[in-house]
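Visitor: Could we go through this structure together? I would like to start with the aromatic residues.

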Amino acid sequence: MSAGLREIRAIPDRSDRRRGILLAGGLREPCALGRSGIVGNKREGDGGTPSGRHRLVAVFYRPDRVGRPVTRLPVLALGPDSGWCDDPRDRNYNRFVRLPYSASHERLWRNDRLYDLVVVLDYNLARPLPGRGSAIFLHLAAPGFTPTQGCVAVSRATLRRLLAFATPETALVIP
C-alpha cells in the first residue's frame with residue numbers, strides 16, 4: 001500500500017451475498033457484509049450494506065481492550081456511556097450520543113468485541129435522512145465472518161493495517 005490509501009473496495013462474494021472480499025492496494029482479505037447483502041436503497045433495519053462511496057470519517061476504540069490505533073483519521077476513545085442514535089424520529093439520528101439516551105440507540109461499548117475498533121463511515125451522515133440507515137461502520141468481524149446488520153466487518157489485523165494508511169480522503173467503495 002502507498003503512503004496514503006485512497007480507496008478500499010468491498011466486493012460481494014458470488015457464492016454468498018453476506019460475505020465479500022476487501023481490496024486495498026495489494027491487500028485482499030475476507031469481509032462480512034450485511035445479512036441482506038449489498039443494497040442500493042438502504043432502509044433502517046433492513047440488514048443491507050449500502051452501496052456507494054463512503055469516506056472514512058473517524059475511528060473509535062475501546063481503550064480497556066486495544067491500544068490507540070495508528071492512523072491519520074480522528075480517533076476517539078469509547079467509554080461505557082458511548083452510543084449511536086438509530087431512531088429516525090430523533091434530532092440526533094445517525095449521530096454519536098452519550099448514554100443514557102431516551103431515544104432508540106446502539107451501545108458502542110459492547111461485550112462481543114465487534115466495536116473494540118470501529119470506523120465511522122460518512123453514509124447518511126452530513127444531513128441524515130430519517131429512515132435511510134444509521135450506524136454504518138467498518139468494524140471487527142465476528143468469528144466465521146457472520147453477517148452484520150449492514151456494516152462491513154474485517155479481522156483486527158486487517159483493520160489495523162488499513163487504518164495505518166487511511167487518511168480523511170480514504171473511501172470505502174461498495175458496488
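Visitor: Which residues form one aromatic cluster?
Guide: The cluster is made up of Phe-60, Trp-84, Phe-96, Tyr-115 and Phe-137. This is a predicted model, in which local features need pLDDT of at least 70 and side-chain atom pairs count only at pLDDT 80 or more, while totals for chains, interfaces and linings use all residues. Residues are numbered from 1 along each chain as its sequence is written, and side-chain values use heavy atoms, with hydrogens and water left out.

Visitor: How many aromatic pairs does the structure hold?
Guide: There are 4 aromatic pairs; rings of Phe, Tyr and Trp (its six-membered ring) pair if their centres lie within 6.5 Å.

Visitor: Is Trp-84 buried or exposed?
Guide: Trp-84 is buried, with a relative accessible area of 4%, and Phe-137 is buried at 1%. Buried means under 20% relative accessible area, exposed over 50% and partly exposed in between, with a 1.4 Å probe and protein chains only.

Visitor: And where is Tyr-115 found?
Guide: Tyr-115 is in the loop between β10 (105-107) and β11 (117-121), and is buried at 3% relative accessible area. Its C-alpha atom is 9.3 Å from that of Phe-137, 22 residues apart along the chain.

Visitor: Which charged end sits over the ring of Tyr-115?
Guide: That of Arg-110, 4.4 Å from the ring centre. The criterion is NZ of Lys or CZ of Arg within 6 Å of the ring centre and within 35 degrees of the ring normal. Arg-62 likewise lies over the face of Trp-109, at 3.7 Å from the ring centre.

Visitor: Changing topic, what is the secondary structure of the chain?
Guide: The chain has 1 helix and 14 strands.

Visitor: What does the C-alpha trace span along its principal axes?
Guide: The trace spans about 45 × 35 × 30 Å. Of the 175 residues of the chain, 50% count as buried.

Methods: Rings of Phe, Tyr and Trp (its six-membered ring) pair if their centres lie within 6.5 Å; planes under 30 degrees apart count as stacked, over 60 as edge-to-face and the rest as tilted. Helices (H or I, at least four residues) and strands (E, at least two) are DSSP runs, numbered from the N terminus.
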